Amino acid sequence: MNNTIINNKKRYKTPAIVISMMLVSGMFSIAATQEPNLAAAQTPSPDLFAFKKSGTKSNSTEVYAIPGTNPQQLLLQTGTALPETDETYEFAVDDWNHDGTADIVAIKMSDTKSNSTEVEVLDGASNFTTFLLDTGTALPDTDETYDFGFDDWNNDGSSDLVAIKMTNTATNSTEVQVLDGASNFTAFLVQTSTALPETGDGFDFAVDDWNNDGTADVIAIKMANTQSNSTEIQVVSGADPQKFLVQTSTALPQAGEEFDFAADDWNNDGTSDLVAIKMIDTETNGTELHVISGANPQQFLVQTGTALPETGETYDFDTWKARS
Ligand SMILES: [Ca+2]
Ligand SMILES: [Ca+2]
Ligand SMILES: [Ca+2]
Ligand SMILES: [Ca+2]
């Protein structure tokens with residue numbers, strides 16, 4: 001048991017060590033050496049990862065990481081083994097091989113060799129220069145009617161691909177399909193309608209175990225045309241997709257294309273929080289973090305600028321927290 005604890009402490013240090021890796025672009029001035037923050041390691045906030053898909057100096061998809069405990073710092077900026085990408089790709093962060101280092105998950109929706117939605121995983125331990133996985137899945141090609149999450153849906157230790165079909169569904173509801181990571185995405189864990197009507201434009205989605213019951217949940221973020229004039233969240237229970245865990249307004253005003261979203265338990269209180277990333281048109285002239293408390297959605301946990309300049313539509317975002 002002690003070994004497990006020691007390993008976990010080592011794991012959290014790993015992202016900080018990545019700091020000294022090669023710096024591809026001269027866009028940012030960063031502190032290249034930084035002692036791991038041990039106080040933060042005891043109650044870590046997630047790190048924010050930004051993926052720059054195109055227009056990069058390295059001619060590859062680039063990744064940047066900002067520590068949640070100190071958003072003014074840049075933990076990592078590097079090119080990867082993945083060429084520049086486009087709107088047929090979505091990105092997530094996950095420790096796929098459980099070595100304590102965050103890996104990059106690229107989901108390719110269409111124009112694939114396998115004629116299916118593909119999953120590629122870039123190994124964080126190699127600074128994203130090698131692939132841990134590059135595979136087709138049981139899910140056919142997908143398009144803009146889908147959104148994706150990547151999380152261990154059933155808590156069996158293998159991360160799963162969560163496909164959310166927002167419109168043009170047979171059930172007239174937003175549908176959820178979960179591809180089992182333990183089968184390398186050849187089998188479906190879940191294929192279901194949900195309590196959520198069809199969605200689409202004006203919505204964004206995130207996947208996280210909102211209520212900490214061991215099954216991941218689907219967080220629908222309604223950004224515009226809301227009755228409350230705020231950004232609203234509706235959380236579909238993964239354990240019972242015909243049920244909402246939460247339907248509420250939030251402290252965040254209505255939002256548009258200038259925002260991207262993620263969900264993670266920012267403050268370690270056992271309830272997921274909504275992470276709103278304001279990419280452009282910000283007061284700080286940089287990418288901003290606005291974190292809304294899941295336990296009290298009328299309250300912000302964080303509102304801050306970051307080390308990232310303004311970003312925008314060529315970027316994708318996710319959060320990641322080392323296991324503790
Ligand atoms: Ca890893
Ligand atoms: Ca799983
Ligand atoms: Ca749950
Ligand atoms: Ca929380």
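Strand S2, residues 62–67, and strand S3 pair in the antiparallel sense over three bridges; two strands count as paired if DSSP finds at least two bridges between them, and strands are DSSP runs of E, at least two residues, numbered from the N terminus. In this pair, Tyr-64 stands opposite Gln-77 in S3.

This is a predicted model, in which local features need pLDDT of at least 70 and side-chain atom pairs count only at pLDDT 80 or more, while totals for chains, interfaces and linings use all residues. Residues are numbered from 1 along each chain as its sequence is written.

The protein chain averages a pLDDT of 90, where pLDDT is the predictor's confidence in each residue, from 0 to 100. Over residues 1–41, however, the pLDDT is below 50. Where pLDDT is low, the predicted coordinates should not be read in detail.

S2 and S3 belong to an open, antiparallel sheet of four strands in the order S3-S2-S1-S20. Its edge strands, S3 (76–78) and S20 (315–320), each pair on one side only.

Let us turn to strand S16. Are its residues buried or exposed? Six of the six residues of S16 (259–264) are buried, meaning that 20 or more other C-beta atoms, placed from the backbone, lie within 10 Å of a residue's own. In a regular strand the side chains alternate between the two faces of the sheet. In S16, Phe-259, Phe-261 and Ala-263 lie on one side, with Asp-260, Ala-262 and Asp-264 on the other. Six bridges join S16 to the antiparallel strand S17, residues 273–278, and Phe-259 has Lys-278 as its bridge partner there.

Methods. Chains are lettered from A and ligands numbered from 1 in the order in which they are written. Two residues are in contact if their C-beta atoms, placed from the backbone, lie within 7 Å. A residue is buried if 20 or more other C-beta atoms lie within 10 Å of its own, exposed if 12 or fewer, and partly exposed in between; C-beta atoms are placed from the backbone.
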